[in-house]
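Please look at the sequence and the structure shown below, and keep both in view while reading. The paragraphs that follow lead from one part of the chain to another.

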Amino acid sequence: MTDKKLHIALLFGGNSSEHDVSKRSAHNVYDALDKEKYQVSVFMFTKDGLLLGNKDSLRIFDGEDEDQVVAEATADLDYSNPLVNVQSLSEVKDIDLFIPVIHGNMGEDGTVQGLFRLLNKPWIGSGITSSAISYDKDLTKQLLTYHGIRNTRYVTVTPETRTEYPYAKCVAELGDVLFVKPARQGSSVGIHKVTSADEFEAALDDAFLYDYKVLIEEGIKNPREVECSVIGNREPEASKIGAIVVPKGDAFYDYNNKFVDASGVVFELPANITDELSKEVQQMSLDAYKVLGNRGLARMDFLVDENDVPYFSEVNTLPGFTNISLYPQLWEIDGITYKQTLNRLIDLAFEEFEHNAKLHYDFVKLGTEKVGTKIMRQTEKD
């Protein structure tokens with residue numbers, strides 16, 4: 001590296017139900033980045049999936065009305081250009097690294113990671129395959145189950161197989177409290193706790209609005225929600241455990257509790273749990289991180305039952321960085337500041353990029369094509 005500032009492109013927004021959450025996270029990341037070390041350009045994906053340039057993104061960053069800025073910025077675009085959705089990246093030069101702060105669709109599912117790979121630039125977070133698998137709750141659970149990492153029992157339903165999983169059958173297999181959730185969605189959007197056939201059908205209707213693959217999971221009795229932050233590449237480290245206590249009467253830690261009104265939520269940092277349980281959750285977090293091939297960072301979420309048995313819930317490969325997000329707060333328990341965490345993540349991104357650059361790809365010249373003899377046999381027609 002030279003003495004010049006590293007040029008970082010911070011991407012946020014996105015065609016996702018977590019669009020506004022991403023905007024909050026991006027503000028916090030931008031403010032925490034060391035401006036003595038980094039030159040930062042910002043790019044916002046609109047709700048339609050089009051990437052705005054740095055100048056227009058900054059206008060939204062600074063509080064201008066998003067819809068108005070988007071309308072002005074896209075009025076004269078040539079949509080016949082196949083690269084119109086990302087052409088604004090050329091507005092700035094010499095980008096050294098990308099920081100995607102895009103939660104959910106397009107950000108955590110491997111989409112932008114594929115873009116970064118095509119651009120041959122390092123980025124913070126997991127790779128294409130790891131991101132895509134980790135974003136899919138069904139594939140995640142299949143891998144964890146195969147590797148012996150405890151998680152809740154479930155069935156996967158599609159619109160084509162919905163009639164094969166009536167409420168009575170699911171209750172018989174999974175218990176009388178069920179959770180219905182889209183396989184590929186974040187921030188508790190589309191998730192429902194159900195205890196009756198009517199609730200079950202309504203929950204499926206809603207979940208199918210967000211994905212064509214839906215999980216029906218068993219409910220854990222009197223669960224506690226705990227989280228663990230993980231950082232690293234091939235030798236990851238686990239943070240202390242944090243706990244989330246939602247107001248009595250709330251079914252679970254839903255979107256409203258997370259982002260709209262968290263005033264009634266209690267965050268235990270660290271969690272008031274036994275050392276034995278803490279160590280078990282940390283080890284399960286590290287095991288899952290390695291199994292899923294995660295890189296850079298991830299937040300691992302768990303449910304703990306009334307007997308102190310932890311069940312892996314889900315992984316967030318680009319966890320929130322809002323004021324109430326636990327990922328950075330769990331590191332701050334150990335005196336690691338927000339700024340230090342970001343510096344570490346940037347170092348890890350370059351480390352992973354350089355590691356992958358060592359892979360070899362052989363290109364064998366085929367020469368003149370040589371084809372074997374074809375024997376065409378007649379077959380009887382029906």
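In what order do the three strands of the open sheet with parallel pairing stand? Before the answer, a word on the source: this is a predicted model, in which local features need pLDDT of at least 70 and side-chain atom pairs count only at pLDDT 80 or more, while totals for chains, interfaces and linings use all residues. Residues are numbered from 1 along each chain as its sequence is written, and side-chain values use heavy atoms, with hydrogens and water left out.

The order is β2-β1-β3, where strands (E, at least two residues) and helices (H or I, at least four residues) are DSSP runs numbered from the N terminus, and two strands pair if DSSP finds at least two bridges between them. Because β2 (38-45) and β3 (97-101) each have a single partner strand, they stand at the edges, and one side of each is left without a neighbour in the sheet. From one strand to the next, the twist averages 25°; such angles run from 0 to 180 degrees between N-to-C directions, with axes that are lines fitted to C-alpha atoms, for helices over the stretch in contact. Strand β1 (residues 6-13) pairs with β3 in the parallel sense over five bridges, and Ala9 stands opposite Phe98 in β3. Helix α4 (residues 111-119) packs on this sheet and touches β1, β2 and β3, its direction making about 175° with that of β3; contact here means heavy atoms within 4.5 Å.

The loop between β3 and α4 holds Met106. Is this residue, Met106, buried or exposed? Met106 is buried, with a relative accessible area of 13%, given that buried means under 20% relative accessible area, exposed over 50%, and partly exposed in between (1.4 Å probe, protein chains only). Leaving aside neighbours within four places in sequence, Met106 is in contact with Asn15, Phe45, Gly49, Thr111 and Val112.

Strand β5 runs antiparallel to strand β6 (residues 192-194), to which three bridges join it, and Phe179 has Lys193 in β6 as its bridge partner. Five bridges join β5 to strand β7 (residues 214-218), again in an antiparallel arrangement, and there Pro182 is partnered by Val214.

Another open sheet is made of five strands in the order β10-β9-β8-β11-β12, with antiparallel pairing. Its edges are β10 (266-268) and β12 (310-316), each with a single partner strand, so one side of each is left without a neighbour in the sheet. Strand β8 (residues 224-232) pairs with β9 over six bridges in the antiparallel sense, and Ile231 has Glu237 in β9 as its bridge partner. Helix α12 packs on the sheet, touching β8, β9 and β11 (296-304), and its direction makes about 55° with that of β8.

Within strand β9 (residues 237-245) lies Ser239, which counts as buried at 1% relative accessibility. Apart from neighbours within four places in sequence, Ser239 is in contact with Cys228, Ser229, Gln282, Leu330 and Trp331. Phe363, by contrast, lies in the segment after α12 (338-356) and is exposed, with a relative accessible area of 77%.
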